[in-house]
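Hello,

Here is the structure we discussed handing over. My notes on it follow below.

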Amino acid sequence: MRQPRLRRSMTAFVALVAAAAMTACGGSGSGTDSGKDALEAPGAEVLEKATDKTTIEFWHGMKGANAAAIDKLVADFNAQSGGKVEVKAVFQGNYDETIAKYKASVQQKNTPALVQIYDIGSRFMVDSKQTVPMYKFIDKDKFNAGDIEPNIANYYSIDGKLQSMPFNTSTPLLYLNKEAFVKAGLDPTKPPQNLDEIGEMAKKLTVKDAGGKTVQYGFGAAIYGWLLEQLIATDGKEYCDNGNGRKGLATKVQFDQETGVRVAQWWADLVKGGYATNTGRKTDDAQAAFKAGTVAMHLESTGAMRGYIDAAKGKFTVLTAPYPKANSSATGGPIIGGASLWINGVGHSDKEKRAAWEFVKFASSPAQQAKWHTGTGYVPVNAKALDEQIDKDWVAQYPQFKTAVDQLHALPPSVASAGCLLGVMPQARKASEDGLEAAIVGSKPADQAMKDAAASVQPAIDSYNKSVG
């Protein structure tokens with residue numbers, strides 16, 4: 001789900017990247033790793049031979065029920081560690097605030113041993129040269145990473161090598177108001193499969209009162225760049241060049257090409273025709289409209305599902321369908337969202353690095369992922385979690401969630417569905433929203449709106465690449 005955007009100047013952002021990379025080569029305190037071995041994975045023996053307890057901090061950006069689930073996960077790990085390791089979970093604010101504090105900690109040479117970073121911060125984490133790539137621990141232990149969902153692992157991998165461990169994962173869905181479909185004479189078991197079909201059904205689902213006021217719109221969603229990224233991926237197109245930033249640093253975004261423009265025009269046409277509501281960029285506003293029953297079809301993350309079902313009780317039935325394709329001939333699939341776990345190497349002892357890895361292994365196990373999934377609603381990153389009885393019972397209670405699992409398994413991983421690795425991805429996402437909004441409100445033609453939006457982020461891309469190149 002969306003969190004508030006990071007609002008930092010590009011000059012400061014680039015300076016942080018450069019400082020992070022330089023810190024990887026610099027010195028650190030005694031007992032910590034700052035040389036060539038800093039980014040290597042120590043073996044289990046470093047903890048087995050230890051005579052004292054190893055305590056590490058785990059920085060995260062979860063709150064509410066999700067924070068409670070993290071606290072339970074940490075408590076369970078500490079209880080089974082035999083006194084060898086103690087993990088202390090420390091809330092750092094939302095995703096943007098967490099990565100901002102992490103960047104500051106890099107400059108101060110005081111990073112946490114383990115940190116949760118959102119998906120679009122991945123390029124920065126790789127370029128910072130602060131962390132031990134997860135595949136090194138996997139290779140060291142001959143750990144079976146085959147149970148990690150392939151389409152989830154795909155996002156956090158470069159050249160097939162896992163850089164961080166997926167943790168909280170979401171996937172986009174199409175949400176439907178069952179009763180609205182029935183009243184409109186539509187079969188809710190046959191949901192729209194692409195944008196054109198959504199457009200046609202939206203016309204039938206739009207309802208006006210006797211005075212001509214629209215009381216139910218056929219479609220509504222937040223003007224959220226993540227949703228556009230998904231649609232581009234379903235069309236098999238790459239959001240940025242150089243293999244979505246996986247063959248090398250991406251040098252430009254591509255949301256101003258055919259698919260992005262077509263999405264912007266489709267959305268603008270629906271709003272102009274009165275078949276879609278424009279709630280703006282705030283996801284809370286778009287979610288509120290669906291919960292209130294004033295929107296019949298809606299795009300959002302799996303993370304919103306429980307809230308929708310609870311809010312709709314006694315009013316209407318929430319159904320889910322696979323995320324729509326950009327067009328009828330599209331054969332791709334959407335991209336995952338969420339965050340992953342990164343183990344810091346620079347400035348940390350082998351015991352600290354190993355302790356972090358032990359927790360990561362524990363957190364990604366089937367039993368713990370089943371508890372995490374059922375406690376938060378996130379998609380379990382370990383496929384075997386779905387075989388746990390607690391998970392089976394939960395899915396039976398919330399059958400709407402099965403859509404997300406089926407969608408995740410429907411298509412093999414691809415470059416398009418891996419998502420774009422871009423050092424300034426938060427800025428790129430905001431730029432795409434600028435373009436979408438300009439088209440939707442009619443201030444610019446769709447093609448010009450998306451072209452201008454892509455051009456606006458180019459200086460930031462160039463500056464970032466220069467800093468790490």
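Strand 10 (residues 214-220) is mostly covered, with 5 of its 7 residues buried; buried means under 20% relative accessible area, exposed over 50%, and partly exposed in between, with a 1.4 Å probe and protein chains only. Strands (E, at least two residues) and helices (H or I, at least four) are DSSP runs numbered from the N terminus.

This is a predicted model: local features need pLDDT of at least 70, side-chain atom pairs count only at pLDDT 80 or more, and totals for chains, interfaces and linings use all residues. Residues are numbered from 1 along each chain as its sequence is written, and side-chain values use heavy atoms, with hydrogens and water left out.

Strand 10 pairs with strand 9 (residues 207-208) in the antiparallel sense over 2 bridges; two strands pair if DSSP finds at least two bridges between them. Glutamine 216 in strand 10 has valine 207 opposite. The hairpin of strand 9 and strand 10 has 5 residues between the strands, and glycine 212 there takes a positive phi near 90 degrees. Strand 10 also runs parallel to strand 11 (residues 295-301), joined by 3 bridges. Here tyrosine 217 stands opposite valine 295.

As for the whole protein, there are 21 helices and 13 strands. Buried residues make up 57% of the 469 residues. The C-alpha atoms fill a box of roughly 75 × 50 × 35 Å along the principal axes.

Regards
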